[in-house]
Structures are given as C-alpha cells and as structure tokens.
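Please walk through the fold shown below, helix by helix and sheet by sheet. The account starts in one chain, passes to the other, and treats the contact between them last.

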Amino acid sequence: MSVSQDTRATGAQKIGGFIASYSVVITFLAICLFFAMASPTFLTGANLYNVLVNNVVMLAIVALGLTIVISSGGIDLSVGVSVDMASMVFVMLLAAGYGGVFGVTVGLLAAVAVGVLNAILITRLKISPFLATLGVLFIGQSTQQLATSGGQPIYLITGYAGAQFNAIARTSLLGVPMPVLVLVACIVVVYLLLHRSVFGRAVQAMGAQPGVAWYSGLAVPRQLSLVYIGCALLCGITGILLSATVKSYVPLSGNAFLLDAIGATFIGTTLSAERRPTVIGTLLGVLLLAVVKNGLLLIGWNFYWQQVGIGVLVFLVLAVSFGLRRARQ
Amino acid sequence: MTVQPAAAEIAISMTAISKRFGPVQALHDADLQVARGTIHGLVGQNGAGKSTIIKVLAGILKPDSGTITVNGETVGPLTPSSVERLGVHFIHQDRLLVPTATVGEAVFLRHELGFGPFVSRRSMNRHAAELLKRYFNLELPAGILVQDLTTAQQKIVQITRALAQKASVLVLDEPTAALVKREVDSLFAVLRRLRDDGIAVIFISHYMQEIEQLCDRVTVMRNGTDVGTVDPAETPIDEIIAMMIARDVGEMFPKRSVEIGAPMLEVSHLGMAGSFEDISFSVRRGEIVGLTGLLGSGAKEIVQCLFGLERAERGSIMVEGKTLSLSSPVHAVRGGIAMLPEDRRAHGVAIDLSVRENISLASLGRYSGRGFVKRGLENQAIDGLIRELSIKTPGRDTLVRQLSGGNQQKVAIAKWLSCQSRVYILDEPTVAVDVGAKVEIYNLLNRLAGEGAAILLLSSDLLELVGVCDRVLVVYRGRLSGEFSGADLDGDRLLAASSGARGPKAEASS
C-alpha cells in the first residue's frame, strides 16, 4: 500500500509514512487507551457489548453501503430514507398481523424501491447523485410524515410483534448476537463485491475516472444502478435491525446515520494510499466514531459536547494523515 | 524568401525563443516579427510550435531563452495580466467568456466600470453597446447573456473587450473553426478594419484559403522553429504547404510488410446531420488506414460514431461481416472494436488506478469466474503485457499517474490487447508523447496489423500518416474529399485536400 518508492527514505520518513497510513488505527488505539484510563467502565465486557450491538452494527451496515456509493464517485444522501422505509413497512406489516419473514422481505423491498428511484434519477435522468438523492431525501421524509399522520411513532413492545422483534434482535448463535452475525455477513459480502469482484472493478473505475470506464465498454448505467440499489438494500437491513432493537418505528430516525456514515467512510479513506474508500477503512472509521461517542458519555460529557468531540476527532485524523503524507512527498 | 519589416513599425518582436518540455524541444530558436497595421498569419502542422510560441507571448509559458519586445520595448518575464497591460490581447480558440455574464460584464471583465468597489452593470452594458455599434455596427438586445450569443458574436465581444482596453496587438487562435461562411466574412471585415486602424493582428489558422484571403504576411513554423516569413500574395499556397512539411521522414517510421486480407471494418453511407454525410470506406485485415481532417471537418465525429460514442443517423457499420448496432461503447467493445481516445487522461487511462486495474478493465470477463476476478490469472496476463509492450513501470500495482506519457499510452493500448480486439481506432495516439515512445507506438501498430488487426488511425500529423499508413482518407467539411495511397500518399496532397486548397480530388468533389 504505502511501499516507499524512495528506497533511501530516512528512518523518520518511514515512521512518518507509517503514521500517515495507519493514522486511523493509531488514533483508535490511543483513544481506547485514553478512555480505558479515564473511565473504569469503558473496558468492561458489558460496555463493549453495548457499543458493538447498539452503536456499531447499524451504523456499520449503512456505512458499508455508502462505501460502495462513494467508491463509484457518487454520494447517497437518502440512506436515512432507505432505513426508515424498511423500518416503517416492516413495523406496519407486523402491526397488521403479517408474518415476520414476510414483513422483513417487503420491508427490504421498500428500501430497494428507494434505491431504484435513485438509480433512475441518476442514470436515466442524469441528475447528479448529490441532487438526486437530496430530492429523494426530502420526498422520503414527507412520505413518512404523511403515512404516520404527521410523524406518530408506532410502538409494538409486546405480544406477537414483540416476539418477532426478539427473534431478530435478541437471539444469538453460538453466543454471537444475531445483529453481529448480520453485520459479519454484510462485511463479507461487501468486501467480496468491492475488492474481489468484476463489479467492484467497474465501481472503482467509475469512481476514479468515469470517462475511462465508459470508453472501456463498461455498462456504466447498469453498474451505477446496482450501486445505489445495493446501498439501499444494506440500509434496509439496518432499518429492520433498528425496528427490532427499539421495537418500534420512529419516523425520520434513519437520518441520524447519514453524517456518521459519511464521516466513517471518509475517515476510512485515509487508510488507503490512493485515498479510496475500503471496507476495512470504513469499519475502522465506524469503530472510532462509536468508541468516541461512548467514551465521552462515560466520562460525563453531555450529548451536545459529544458532537464537538467528534468534529475535533475528524480534523485530527485527517490532519495527521494529510500533513504527514505531504511532508513525506 | 523572408520579408523583414522596418524596425520602427514592429509591434511584436520575438527573437531566438526556445522552450523545452522534458525530452521534447517544443521551440528551438524561433523568431516572430509582427508589424503594426498588418494581419500576420502563423501556420504550421500540429506540434510545429505555433501554440507554444503564442503561449509564450501570452505569458502562459515561460521561455527557456530568447527576448521579446512589445512596441519597441524589451519586456521581462511576461504574465497573462502584464501582457494585457502592454496592449496585447488574445482571442483563444475555445470561448473564454463567462457564459452567464452580460455582454457588458464580458467586455469590461477585470476592468469593471462603477463606483469604488461597486460595479455598475447598467453603465457597462451601455458602454459595451456603444462600442459594439461603433466598431462593428452590431446591436444586441439589452442585457443579453453571453451564452445566448452565436459563436461569431462571442468572438466579436471578445474583440470588443480587447478594443475597450486599447489593444495594439490582437492574437486570434483558429477564430473561424466554429463559424459559418457569412460569419467568417464579417469577422474578416472587422479584422481588416482593425488593421487599417494600425493594430497588429496575429492570425493562426489551418485553413490555407483564409491565410491567402486575409493575411499580409505569413510565418511558417516547422519542428519548433520558423522556417520563413512570406507574403501570401506573392507565394503560392503550394509553396507554403511545402515549407510546413519536413521532407526527411528518416527512420521514424519502421518499414513493414504485411499481407492485407479481407475487409474487417466496413462503413457504408454513414451520416449525421451537421457533422458528416455519406461516409463509406473499409479497413482490411492487416491494413493501417489513416483518417484526417481539420477541426470541425467531421473526421472526429466519424470515429466517435464507430465506437458508439455518438449515434449516426444513417448508414451501417460492419465488423467481420456482422452489422453492429452501436448505441454505446459497450456494443462496440463487444463487437471487437478498440478505441485509443485522444484525451488520454479523461478517457484512456484512469491515473488513480494501478497499471493492472487499467489493463484488465475492458477484459475482466477473461480473468474471472462467477463474477469474481481470478487474481493469479490476471497477474500473469498483466505481467505478460507489461513485458511485451516494455511498459516502464516499477510493477503492475503502480498507479498509472506515476508513469510517463508514453508509458501511460502503452497501458491504454495494453487494455485492448488484453481484450483481443480486432479493430483498433486510434485518435491522435502520439500527441504529447516523446519521440522515442512514438516510434515504439508505431512499431506496435505494425505488429498489431501483422497479427491481423484492422487499424484506423485518426491523426492530424501528416508525417505520421504518410509514414505509417497504407492508405489515408481525407475529410473536408463533412465529406470524404480524397483517398491517397502508394505514390500518391504525400503530405502536400493530404494538406491540400484537408484544407480545401485546389487539389485534384478536392476540386472534383466541390
């Protein structure tokens, strides 16, 4: 990755290069160390389990979707809508007495529909991804409010639906919680797609230089459609997990993922010498954000200050990585 | 042969200008003397150094050596803004006006009228209207935006801007490329009037007829230097063309002997309104066919249709006897057509991807199973191609950005070798490539032809066309105006046919 082209690099330069490439990893470890010392509860099993299941899993799946989109040179501002659509349809179907498998399937299809809409706007109408998905974001938000008489949450804590939710969020296989298993499956699939498959090569080429992808005879519109549909599907999975975890559908709750997922993906690009989004980088970005949020909470910072902490953190990672890389060149 | 103006009349004097880009000597001891009150033509083939010397004058490029005087004063290092202060103005080929500005804003750009830090759009529009009326008798709707003007009107607005700044020298780079005949005539009338007012006009054009019609003097450039300045009224066009073309082709173009086989690419009656009509030709197995034409002649558009980038309205394209429906490059590539585009960085190679990712991009199907790339297979093929084309790269995973222009071009070619394409379309493959790499690319073309590929080479480098091709087709104003091969294939004839000068073929078709 960052094999030094200059074989005569000095020791200091080598160390600088190492820090630049692994600034995310180093920052992550440093922050973990800091919180472990500042708060006795940070390193406990219960806390780490909580961070993983409640903060990491859902954000990571959305961020994986965005990683594909950003790799293709685009952006999806409507990830929250995909999350919410899956969640809304799933919960409404359970409330109407439909089966869990049916609810999950149709919920995911609702998310896919959002992706299809994005794909049509971007590949057929040639609207830029930013504007297309921004439009879908607005439409999706209104749709939810119209469908829930102005944004009324739907709670299904007990009874039939509660059991269905528990079957998703509270079961485990060989001691591993179901949401974590879902995340692992998503990681494996997205990793293979993005870094090992023909589709992934096309995505990287479109992101690096769309003209070259087109002039190489790649079916750019079709591949781009798959990118946005794939992202929406991943968001839909998060939507299902979200409903099952909180046993309800709260309109517009998906938006909370958008900025964190974008942040995680871009923090992750510092891992790659070419500044490309990678699955591993994105996951590290997600871990970093989740740990900082949790740690700040544990040492008694309130919610509003957490945002400041995360902002500073993003600058820190980027500054260290960019600064050292420039110094090296 | 050279006509020298008297010292007192000289507006621009450039002496012994040299400029080197890496291994390429773009300008070598080039001189240009332009007198006041004349229209001075500047001609030469692509790469002869015309645009480099103009960029030096514009302060865009810094010469390695040489002196420049403007109106008798020796000037130091030029910058685009200091040149304008000296009264030298440039009308570049691509329109360089802000499309959403009003005419007044465009005319007074960087010299805005108004009060203190506030600009007065109204007074600028009024003054601009007065200038346009006074100089060109042109009245435009009040407050019209630049983007709503015709190309000719935009040129006039640019000239007006120069006049508003009291220009003493006006440089026009290919100003007629996108104009229709009537507009060309009115532009020429404007230029003649400016000349009569004592302004020195430098006029760069590929169209020999225009040079003959308009210019009082013409400087011919070749291989980075001026080879003479003549009066076009006294010197026949043929002689000027002969000056533009170097006679010694030398060892640049390797000889080859290839068996030419059955037709591989057949194009019949291809047409697209406004670009070209009734284009029919074929390229056979093992044959290298050249295609040339000036900017706007339609040659470029023909090639784009052959690769599915544009859609022809009429006619058909066949590869190995199979008619292709080319609605996108996807179909072209599937049909066995490869394209080496002119804009290498936008369309040829992705500089932020590795050599490996670039080479296998069009042929991933060959290196994959069930949708996944088989890295072993891919690596083996890529390493083979790197060796075969002697691509100078530290390794297959090096980013293409780190390679030289010539090696980037080889990566772009390797992409199609990997794809085992049968028809190769090359669009100006040796532009911005140094001489050594050029020869390697020519060798490669010969080898491809030898292996039975059909090659269509779009080029404006006449030497290259003569040296490499078996046959050259010339496009003039949207139609095939000539076909040259064997003893008929020489630079003079190509240039005459593509610039509409009285050539045997051009006369027959017009």
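Which residue just after helix 5 of chain A takes a positive phi? Lys126(A) does, at about 55 degrees. Helices (DSSP runs of H or I, at least four residues) and strands (runs of E, at least two) are numbered from the N terminus. This is a predicted model, in which local features need pLDDT of at least 70 and side-chain atom pairs count only at pLDDT 80 or more, while totals for chains, interfaces and linings use all residues. Residues are numbered from 1 along each chain as its sequence is written, and chains are lettered from A and ligands numbered from 1 in the order in which they are written.

Helix 5 of chain A covers residues 100-124. The expected span of a helix is 1.5 Å times one less than its number of residues. The 25 residues of this helix should therefore span 36 Å, and the 35 Å between its end C-alpha atoms agrees with that.

Elsewhere in chain A, helix 3 (residues 45-71) crosses helix 13 (residues 279-298) at roughly 145 degrees, and their axes come within 9 Å. Axes are lines fitted to C-alpha atoms, for helices over the stretch in contact, and angles run from 0 to 180 degrees between N-to-C directions. The crossing of these two helices of chain A is right-handed; a crossing has that hand if the near helix is turned clockwise from the far one by less than a right angle, and is left-handed if anticlockwise. On the side of helix 3 of chain A, the residues that meet helix 13 include Val51(A), Leu59(A) and Ala63(A). Those of helix 13 of chain A include Leu283(A), Val286(A) and Ala290(A). Contact requires that the C-beta atoms of two residues, placed from the backbone, lie within 7 Å. By class, the contact of helix 3 with helix 13 of chain A has 12 nonpolar, five polar and one charged residues. Here Ala, Val, Leu, Ile, Met, Phe, Trp, Tyr, Cys and Pro count as nonpolar, Asp, Glu, Lys and Arg as charged, and the others, Gly among them, as polar.

Chain B contains an open sheet of six strands in the order 6-9-10-3-11-12, with mixed pairing. Two strands pair if DSSP finds at least two bridges between them. Strand 6 (88-91) and strand 12 (225-230) of chain B are the edge strands, each pairing on one side only. Neighbouring strands of this sheet are turned by 20 degrees against each other on average, direction ignored. Within the sheet, strand 9 (residues 169-173) and strand 10 (residues 200-204) of chain B run parallel and are joined by five bridges. Leu170(B) has Val201(B) in strand 10 of chain B as its bridge partner. Helix 1 (residues 50-57) of chain B packs on this sheet, touching strands 3, 6, 9, 10 and 11 of chain B. Helix 5 (residues 151-164) of chain B also packs on the sheet, where it touches strand 6 and strand 9 and makes about 170 degrees with the direction of strand 6 of chain B.

Another open sheet of chain B has four strands in the order 14-13-16-17, with antiparallel pairing. Strand 14 (276-284) and strand 17 (322-324) of chain B stand at the edges with a single partner strand each, so one side of each has no neighbour in the sheet. The twist from one strand to the next averages 25 degrees. Helix 9 (residues 299-306) of chain B packs on this sheet, touching strand 13 (263-272), strand 14 and strand 16 of chain B.

Strand 13 and strand 14 of chain B are joined by six bridges, and Pro263(B) stands opposite Arg284(B) in strand 14. These strands form a hairpin with three residues between them, and Gly274(B) in the turn has a positive phi of about 85 degrees. Five bridges join strand 13 to strand 16 of chain B, where Glu266(B) stands opposite Met318(B).

Helix 9 of chain B holds Cys305(B). Is Cys305(B) buried or exposed? A residue is buried if 20 or more other C-beta atoms, placed from the backbone, lie within 10 Å of its own, exposed if 12 or fewer, and partly exposed in between. Cys305(B) has 23 within that distance and is therefore buried. Among the residues that Cys305(B) touches, not counting those up to four places away in sequence, are Leu270(B), Met272(B) and Leu326(B).

Between the chains, 24 residues of chain B are in contact with 17 residues of chain A. Helix 10 (329-334), helix 11 (344-348) and strand 20 (372-373) of chain B each give two or more residues to that side. Helix 10 of chain B has the largest share, five residues. The residues on the chain B side divide into 16 nonpolar, four polar and four charged.
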